[in-house]
Amino acid sequence: MANIVTSACCVVLAAVVVVYAQRRSQQGGRIQYEMIGSDVTMMCATLESDASVTWKVNGTDVKADKVEGPRLILKEVALASNALYSCFENPAGDLKDQITLRVGEPPKEPVVTCRSNTYPKGFYCTWHLPRPSYIPTEFEVSVKHGNKKLEVQKDTVHKNRCHVKYPELFSTNKYKVNVVAINALGNSSTYISFDEFSIVKPDPPEKLVANPVPNNVRRLEVTWNNPSTWPDVENFPLKYFLRYRPLILDQWQHVELSDSTSHTITDAYAGKEYIIQVAAKDTEIGTWSDWSVAIHATPWMEVPRQQITTTTEVGIAETSPSPAPPSAKPQLSAAMGGSSVLTWSANLFIASVLVLFMCWC
Amino acid sequence: MATGVRHDAMGGNISFALSDCYAKAEALARKVHSEARQIRESYREKQGLSPDLNLDSIAGVPESGTSKWGELTEEERLTENAVAFAAFHSLLGEVLKEQQDDLTPGDYQFHDALLSLLAKVEALAESTKQLLLSLGYPLPRAGEEREEKGLPYFEKKKRGYKVMVELCGWALRAVRGFSRLKRRNKKEEEGGKREVKKRGSRR
C-alpha cells in the first residue's frame, strides 16, 4: 500500500515538473539577438512556409503587413523593439512559439586599466565597455608575465575586476593583460602591457586629523595613517604630500614628507579655517595616490573674557575640537545675546501693561 | 667610567658609521637607478628598438627578478647585489666599447653618460663589498673572466639594451635593500639609546 502511494506521488510530481518546464519554455521561449538598425525575421517554430499564423507582441496583435506566412519581419529594429513575440497558428489559435527579441550591439574594445595598491603583493585590473552593448556580455581575462600564464582571480564584489599576484619582484619582464568581450552579436578584445612598477598607486592616507596647538595661533598638528591596503610599509615605505590652504584663499601650500605620518603646519593664518589633504606614494616607484578626504581645522585662539560669559549664557555647542574663531563667535553671540535682551524687554513691557490695566480697573 | 658605558658608546659609534654607510650606498644606488633609466631610454631610441622587444634569448646578463626577495637573509641580498654589480661593471664596459667602435661612433655625449654610469656602478659594487666586510660576511668569489665574443650587429644592440634594462632592476633592488638595512639599523640605534638612558637613570 505504501509503495503504491509513493509511486503515485512520484508520478504526480514528475507530471508537475514536466508541465512547469513546458510552460516555462513556452513563456520564455528562445531569445533572439539582433543588431540595432538591422532588419529582423522571426520564424514561428518549424511551420511550413504556407502556414498561416498570428503574431502578438507582449499580448497585442502585430500588424498583418509585417507577416509573411510563418515569418514576422521587422525593419530597422531599435531598442523599443525588445519584447516577447508569440505566434499562434490559424485558425485554431494554438500557441506555437515564443521569441524574446533582444536588440543590441556587438561589444566595442573594452577599456582596461590595471593598478597595484597592494605592492608588492599584487595588482588588479578593471574593464568596461566604452559604449553599452544592451545585451548580456561576458569577459574573459588572461594575464601573462613574460611567457608564463598567471592565475587570475575574479573579484567577489566587483563584476568587472580581477586580481593577480606578483610572481616575483624587480622583474623587468612585462605583464600582458588580454580582455576579451563576448556577446551573442560578436566579440572584441583589448591587450595592454606594463611593467611591475608603473602601475603602483597606493590608496590615499586614512584618518587624517588636524589639531590646534595650545597657545600658538599659527600652528596646526596634522597626523594620518598609512592606507590600510598597503601591506608592508616597513620594507616598502611611503612618502607623503600634504597640501593646505585657508578656505578664503585658492592657493595651496605643499609639503613633501618622508618617513613620517605627521607634520606641524607653522605658518597658518591666525583665526582662519583651513582645509587639509594628504596623498601618498611609494618612495621609489609608481604614482601618487588620490588626495585623502579633506578635513577642516582652525588654529588655536584665545577667547576674549567677555565672550566667554556670553557663550556660557547661550550654551553654544562646539562642533570642532578647536575654539571657533572670534570673527564667527561674536556675531553668533551677539545675535543670541540680542534676542535675550529683547525677550526680557518684552516681558517687562507686558508686566507694565498688566500693572497699568489692573490699576485702571 | 664603567666598561659598559664605553662599550655602549663604541657600539653606538659603529651603529652610526653603518647607518652612514647604508645611507650613502642607498643614495648611490638611487643615482645609478635614475641614470640607468635615462640611458636605457636614450639607448632604445638611438638603436631604434621597440619597448616590447623580446630579450629572453640574450644570455649572460644577471636578471633582477626574484620570487624570494623577502625571504633572503641580509647577507644573501648583499652578496647577490655585489655579484651583480661586478658583472654589470664588466658588461657596461663592453657596451661602451661597442657604442664607441660600432653602434654610435660619433655620439660622444652618449659615451660620456655611459662612462659616468660605469664609474657609479663600479663605486656601487665596491660599496657593497665594503658593507659585506663591515658586517663580517665573506666576499663573493670573483666571477670568471668574460670572453669577449664578437656578436652580430643586431645582437650587440639587443644585449646592450638588456644590460641597461636589468641594471635598472638591480639598482632598484639595491635601493630597497640598503633602505631596509638603514631603517633596521636606525631602530637598533634607537633601542640602544633607550637602553643607555635606562641604565643612566638607574644609577
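**Aromatic contacts in the predicted model**

One aromatic cluster is formed by Y119(A), F123(A), Y166(A), F170(A), Y175(A), F194(A), F236(A) and W69(B). The model is predicted, so local features need pLDDT of at least 70 and side-chain atom pairs count only at pLDDT 80 or more, while totals for chains, interfaces and linings use all residues. Side-chain values use heavy atoms, without hydrogens and water; residues are numbered from 1 along each chain as its sequence is written, and chains are lettered from A and ligands numbered from 1 in the order in which they are written.

The charged end of R77(B) is 4.7 Å from the ring centre of W69(B), and R180(B) lies over the face of W69(B) at 5.6 Å.

Over all chains, the whole structure contains 16 aromatic pairs. Rings of Phe, Tyr and Trp (its six-membered ring) pair if their centres lie within 6.5 Å; planes under 30 degrees apart are stacked, over 60 edge-to-face, and the rest tilted. W127(A) and F139(A) make a tilted pair, 6.1 Å centre to centre with 50° between the planes. This pair joins distant parts of chain A, with W127(A) in strand 10 (residues 122-128) and F139(A) in strand 11 (residues 138-145). W127(A) is buried at 6% relative accessible area, and F139(A) is buried at 17%; buried means under 20%, exposed over 50%, and partly exposed in between (1.4 Å probe, protein chains only).

The pair of Y244(A) and Y274(A) is tilted because the ring centres are 6.2 Å apart and the planes stand at 45°. Both Y244(A) and Y274(A) are buried.

How values were computed: Helix = DSSP H or I, 4+ residues; strand = E, 2+ residues; numbered from the N terminus. Lys NZ or Arg CZ within 6 Å of the ring centre and 35° of its normal.
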